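Try each one yourself before you read the solution.

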Amino acid sequence: MGKILILIGLVLVVLGAILEFAPNIPLGRLPGDIRIERENFSFYFPITTCILISLILMLLGYLWNKVR
């Protein structure tokens, strides 16, 4: 269990560094993401980004289980 938590932490650090130093990655600005802006109100729901991240994590989990 400890090794898995360390691995998850390392993956999160790498993803955070990628998102910080590569602002041209369009995550959060994909077609299909919902953005509503009014005078005193703004709503943003990145549904396409959530689906894409979910698919990537599902693929990684599948590959992880295949290797083990």
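**Exercise 1.** In which helix does Thr49 lie, and is Thr49 buried or exposed?

*Solution.* Keep in mind that this is a predicted model. Start with the position: Thr49 is part of helix H2, which covers residues 47-67. Next, take the relative accessibility, which is 6% for Thr49. Buried means under 20%, so Thr49 counts as buried. Finally, look at what surrounds Thr49: beyond residues up to four places away in sequence, Thr49 touches Leu27, Gly28, Arg29, Leu30 and Asp33.

**Exercise 2.** Find Asp33, then work out which polar partners its side chain has.

*Solution.* First, go to the loop between H1 and strand E1 (34-37), where Asp33 sits. Asp33 is buried and has no salt bridge. The nearest side chain of opposite charge belongs to Arg35, 7.8 Å away. Now turn to the polar atoms. A polar atom of the Asp33 side chain lies 3.1 Å from the backbone nitrogen of Leu30, and the side chain of Tyr44 makes a polar contact with that of Asp33 at 3.4 Å. Among the other residues in contact with Asp33 are Phe45, Pro46 and Thr49.

**Exercise 3.** How many salt bridges does a search of the whole structure find, and which side chains meet there?

*Solution.* The search finds one. Its partners are Arg35 and Glu37, with 3.0 Å from N to O.

How values were computed
Residues numbered from 1 in each chain as written. Predicted model: local features only at pLDDT ≥ 70, side-chain atom pairs only at ≥ 80, totals over all residues. Heavy atoms only, no water. Salt bridge = Lys/Arg side-chain N within 4 Å of Asp/Glu carboxyl O. Helix = DSSP H or I, 4+ residues; strand = E, 2+ residues; numbered from the N terminus. Buried < 20%, exposed > 50% of the residue type's maximum accessible area, 1.4 Å probe, protein only. Contact = heavy atoms within 4.5 Å. Lys, Arg positive; Asp, Glu negative; His and termini not counted. Polar contact = N/O pair within 3.5 Å; in protein donor to acceptor, adjacent residues only side chain to side chain.
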